[in-house]
Amino acid sequence: MRSLGCILLFALLPLVASACSSNEMTVVVESDTRVNGGRSLYVLARRVERAVWETEREAPEKVSKSVFAVPADPTVIKSKALIPGTPFEMTFKRPEDVPVALYFFFTDESERWTVFFELPVPEDIEVILKRNAITAVDY
C-alpha cells in the first residue's frame, strides 16, 4: 500500500509543479510625475531576438511604428499607455519560444529606453523610471 502512495505522489508531482508556474508575464512600472515631463508615454512588449533588438536600440522611431501598425505587427505582444505618477501594470501571455523586449517611448531621446529578457522569460518584472530613462529593472 505504501508503494502505491509513492507511485501516486511521483505521478502527481509534475502536475503540481506546473500548476505553480504561470504562463503569464506581469510588468509593474514605478514612476513619478516628472517622468517624460509629466506626459503619458507608451510601453510596448514585443517578441524579438537579441540580434534584432540590438540593431533597433538605436532606432526608437522605427520600433514605435509597430505600436499602431496596420495590419498589426505580429511581434507585438501588448502595448499600453503609462501616465507618470500613477500605478501601471501590464499582464500578457509569456512567450516560451522567443525572448521579450520592453520599450518605453519617451518624448525626449533616451539611451535607456528599452530592456531585453532572454529565455526563459521571467514571470514578474518591476521597472523603475526616472525622468526619461529606465533606472532599474528587477525580476
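Predicted model: local features only at pLDDT ≥ 70, side-chain atom pairs only at ≥ 80, totals over all residues.
Local features need pLDDT of at least 70 and side-chain atom pairs count only at pLDDT 80 or more, while totals for chains, interfaces and linings use all residues. Residues are numbered from 1 along each chain as its sequence is written, and side-chain values use heavy atoms, with hydrogens and water left out.

**View 1. Y103, F105 and W113 make up one aromatic cluster.** Rings of Phe, Tyr and Trp (its six-membered ring) pair if their centres lie within 6.5 Å; planes under 30 degrees apart are called stacked, over 60 edge-to-face and the rest tilted. The whole structure has 6 such aromatic pairs. Y103 and F105 are stacked, at 6.4 Å centre to centre with 10° between the planes. F105 and W113 sit with ring centres 5.8 Å apart and planes at 45°, so that pair is tilted. Y103 has 0% relative accessibility and counts as buried, meaning under 20% relative accessible area with a 1.4 Å probe, protein chains only. F105 is buried too, at 15%, and so is W113.

**View 2. Four strands line up as β4-β1-β7-β8 in an open sheet with mixed pairing.** Strands are DSSP runs (E, at least two residues), numbered from the N terminus, and two of them pair if DSSP finds at least two bridges between them. β4 (88-93) and β8 are the edges, each pairing on one side only. β7 (residues 124-130) runs antiparallel to β8 over 5 bridges.

View 3. Opposite I128 stands A136, which belongs to β8.

Definitions and conventions: Buried < 20%, exposed > 50% of the residue type's maximum accessible area, 1.4 Å probe, protein only.
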